[in-house]
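Keep the 3D view open and find each residue as it comes up.

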Amino acid sequence: MRRRYIDEGKKNGGRTKEKGQKRQDNQQSGGRSLLWMLVCVLFVLLYLVIPLLLLVIPGLATKLIFLSFLRWPVFVDFHSPGTYNLSGTQNLYLTAEDGVNIGVWQVLPHSLASKLEGDPSDNHEFFEQALGDDKPVVLYFHGNSGTRATYHRILLYKLLSAVDVHVVAVDYRGFGDSGGIATPDKIHHDMETVYEWAMKRTKSSKVYVWGHSLGTGISSVFVAKLCSSGRCPSGLILESPFNNLLDEVEFHPFGAPWWIIPAYSPLIRYAFKEGAEFFQSDENIDKITCPIMILHAKDDAVVPYSLGEKLYQIGLEKRPKEAAPIKLVSFEPERNLGHKYIVNANEMTRVVSDFIKK
């Protein structure tokens, strides 16, 4: 009898313990559910608020256009281009009209670099005179992040030097070790400073403008102004270009999560409309009368190939008949060249040589 009571007591105690454990599990499950619900609410709020921030925070859109704070390598010794396996290269600074210093690398053609004796920093006069040796000169204007020391850009300088071309690689104000803050109008002043500096030294040498990514929009508008004033360069090369800034920001992959929002397109266009005229290649290409070459990889995930193709078609339609030819060189997606590495295409040496040395 006593044993039966003990057994029943154990059973009742076990049931009580089980009920307590279930209650504890339910509480923990409810806490996790509440946490997940808060996370989801926060995510939805951020999802809706982030595009609105472009409208309410002054200058935020411009900050996103010029990502000068994104740079790799982080620490760069701009005074020693040789550190990055660039031979025959000097570092110098040009002063813009408002007193801002613009950082530049001047890369010699291979045939001249082999004749250079001593450290480039001790041969400033040699570099000054070199630009007037009748070899082509390329003024290179990069995209919206990094510096003139970014890896894929160095690969391009080497390719151009190997085909015996001078390279003047520029960091806009606010980028690299250049002074000032990047704004669309001021960057055009920087380009004018570089162009005038080069033209004074090149004598009869052909001068080409090469823009990449965001630099294609800046370069197109800049070259259109040059051609309109009778100072057209020998050619314009647009690598991974968009047709205009507003289409690019709308279709940029970073905006993909918001494409399903009906109001996203007009909102993003409104946010970036200030200063957009400095990047509108399609509205200026009809004024560019020098030869144009567009280079674009079909697997470009940053600037869709369709935007570069659209610019090409607009060029065919809008440019005057007497203008020099425009050509589009495409690279198939299976080659995995993407946005930055068209320079790795085997035929690039021939493509560049054919265009520049015609």
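Does Asn 336 count as buried or exposed? At 61% relative accessibility, Asn 336 counts as exposed. Keep in mind that this is a predicted model.

Stay with Asn 336 for a moment. It sits in the loop between β8 (326-331) and α11 (348-356). Its backbone deserves a look too: phi is positive, about 55°, although Asn 336 is not a glycine. Asn 85 also has a positive phi, near 60°, and is likewise a residue other than glycine. Look for Asn 85 in the loop between α2 and β1. Its relative accessibility is 57%, so Asn 85 counts as exposed.

The loop that carries Asn 85 runs between α2 and β1. Trp 72 has its place in the loop between α2 (60-65) and β1 as well. With 67% relative accessibility, Trp 72 counts as exposed, because the cut-off for that class is over 50%. Together with Val 74 and Phe 75, Trp 72 forms a nonpolar patch on the surface. The accessible area of these three residues together is about 440 Å².

Now turn to charge. Side chains of opposite charge can pair when their charged atoms come close. The count here comes to 13 salt bridges.

Start with Asp 98 and Arg 173. Their side chains meet in a salt bridge, at 2.8 Å from N to O. Asp 98 lies in the loop between β1 (89-95) and β2 (101-107), and Arg 173 in the loop between β4 (166-170) and α6 (184-202), so the pair ties together parts that are 75 residues apart in sequence. How do the two ends compare in exposure, buried or partly exposed? Asp 98 is partly exposed, with a relative accessible area of 37%. Arg 173 is buried, with a relative accessible area of 2%. The pair also belongs to a network of salt bridges that links Asp 98, Arg 173, Lys 186 and Asp 190.

Next comes Asp 171, whose side chain meets that of Arg 148 in a salt bridge (2.8 Å, N to O). This pair links distant parts of the chain, 23 residues apart. Asp 171 is in the loop between β4 and α6, while Arg 148 is in the loop between β3 (137-141) and α5 (151-162). Both Asp 171 and Arg 148 are buried.

Arg 231 is in the loop between α7 (214-228) and β6 (235-239), and Glu 192 is in helix α6. The two are 39 residues apart, and they too link distant parts of the chain. Arg 231 counts as partly exposed, at 34% relative accessibility.

Finish inside. How many cavities of 30 Å³ or more does the structure hold? It holds one. The largest cavity has a volume of about 40 Å³. Its lining includes Tyr 140, His 152, Leu 156 and Trp 210. Glu 239, Lys 340, Ile 342, Val 343 and Met 348 line the cavity too. By class, the lining has six nonpolar, one polar and two charged residues.

Key
Residues numbered from 1 in each chain as written. Predicted model: local features only at pLDDT ≥ 70, side-chain atom pairs only at ≥ 80, totals over all residues. Heavy atoms only, no water. 1 Å grid on protein atoms, 1.4 Å probe; cavity = no way out; pocket = protein on both sides within 12 Å on 5 of 7 lines; lining within 4 Å. Points joined across faces, edges and corners; volume = space filled by probe spheres on them. Nonpolar A, V, L, I, M, F, W, Y, C, P; charged D, E, K, R; others polar. Salt bridge = Lys/Arg side-chain N within 4 Å of Asp/Glu carboxyl O. Helix = DSSP H or I, 4+ residues; strand = E, 2+ residues; numbered from the N terminus. Buried < 20%, exposed > 50% of the residue type's maximum accessible area, 1.4 Å probe, protein only. Patch = residues over 30% accessible without salt bridge, like charges linked within 9 Å, V, L, I, M, F, W, Y side chains within 5 Å. Areas by Shrake-Rupley, 256 points an atom, 1.4 Å probe, with all protein chains shown as cover.
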